[in-house]
Amino acid sequence: MSSQDRHRGSPTMADVATAVGVSKMAVSLAMNGRPGVSEATRERIRRAAAEMGWEPDPAARVLAGGRADSVGLVLRRTVADLALDTFYMQLFAAVSGRLGASGASLALHVAADEASEDSTYRSLARRRSVDAVLVTDVALDDRRSSLLAELKMPTVALGGPGTAFATLHADELGPIRQVVEHLKDRGFERLIRVAGDFDFSYTSTRTEAFLSTASESGVDAGVVSSAAGAEAGRGVTREVLEAEPGRLAIVYENDLLALGGVEAIRIAGRRIPDDVGVVSWDGSALADAIRPRLTTIRRDIGALGSRAAEELLRTPSAPGSGFLLASGEDYSRPQLVVGETT
């Protein structure tokens, strides 16, 4: 059979091996980046495979001990919540872009509850369909740390001091100090923090920093909790305004809560910033779109996502290597950006 006849169908590993004059094992070693063939032979094999349009099957490559070239992210959130969450949209884009530049991909899984989340992690580990996982929304006592250690899944987490995760550090105290000092300089003597889920590590850390910094600065401060979303922001702000008739500033956990808050303040007939100051966290595109333009703690989510991807790409090719060591620097570099709401 001629070479032309042989390649009319889909090319195979055997076709590549025959074209180069090596064994199928040599083709497997070369294409999966494993030792056992010379660099010259590896280059010949890869060149022949590219010319023939053949690539190794990903599942077979993993079974052979190679990398999956994929990173997993399991989120216990609703699709509706994610559609409105600008933080995650920026994070997905940054992580996927950095991974893609290195020939890897991001495998996103949305879980409805804890049981589904745990099952997804176990499935990823069993099938070895990802080389590592990125963990977000780290809780104070996060059960996933022991689960992922049990599964021997290489892991990088965003934030979460006090857990078993290796983490990319998040500076919460510095930005809180900036906010409190700024509001005090603007003459606000009563501050209210609208916090999110207190099970999350960053929520508790920010709240503790907010109350202690306000106390040190001689500013009266309080905290209320809120569910996620703009509608929740409207509701909790109405309650705050009814309980706080005087001049105050409200510091929201994120821009989406602040969006609802600004609407509630307007409906209540209170003026921004004369009667009520507003500060939000994250500095997404919403912060510039809302009028008046929000004063916000802006973070470089793109830089954070890119760095997380770089840490994940450092995972060793052998599965079961455990947690990664990640830098203590906050790559999101939070800073106070003063808008029109203070």
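Modeller: Lys152 lies in the loop between helix 9 and strand 4, where helices (H or I, at least four residues) and strands (E, at least two) are DSSP runs numbered from the N terminus. This is a predicted model, in which local features need pLDDT of at least 70 and side-chain atom pairs count only at pLDDT 80 or more, while totals for chains, interfaces and linings use all residues. Residues are numbered from 1 along each chain as its sequence is written, and side-chain values use heavy atoms, with hydrogens and water left out.

The phi of Lys152 is positive, near 55°, although the residue is not glycine. Lys152 counts as exposed because its relative accessibility is 51%; here exposed means over 50% relative accessible area, buried under 20% and partly exposed in between, with a 1.4 Å probe and protein chains only. Asp137, a further non-glycine residue, has a positive phi of about 50°, and is placed in the loop between strand 3 and helix 9 (143-150). Asp137, however, is buried, since its relative accessible area is 16%.

In soluble globular proteins, nonpolar side chains tend to be buried together. Leu158, setting aside neighbours within four places in sequence, is in contact (heavy atoms within 4.5 Å) with Leu91, Leu134, Val135, Thr136, Val138, Leu168, Leu304 and Ala308.

Helix 7 and helix 15 pack with their axes 8 Å apart at an angle of about 45°, the axes being lines fitted to C-alpha atoms, for helices over the stretch in contact, with angles from 0 to 180 degrees between N-to-C directions. That angle makes helix 7 oblique to helix 15, as angles under 35 degrees count as roughly parallel, over 145 as roughly antiparallel, 65 to 115 as roughly perpendicular and the rest as oblique. The crossing is right-handed, a term used when the near helix is turned clockwise from the far one by less than a right angle, with anticlockwise giving left-handed. On the helix 7 side the meeting residues are Phe87, Gln90, Leu91, Ala94, Val95, Arg98 and Leu99, and on the helix 15 side Ile301, Gly302, Gly305, Ser306, Ala309, Glu310 and Leu313.

In strand 1 one finds Ser70, which counts as buried because its relative accessibility is 8%. Residues up to four places away in sequence not being counted, Ser70 touches Ser105, Ala107, Ser129, Val130, Asp131 and Ala132.

The loop between helix 13 and strand 9 holds Pro273, which is joined to Ile272 by a cis peptide bond with omega about 5°. Another cis bond runs from Arg291 to Pro292, with omega near 0°, and Pro292 is found in the loop between helix 14 (285-289) and strand 10 (295-298).
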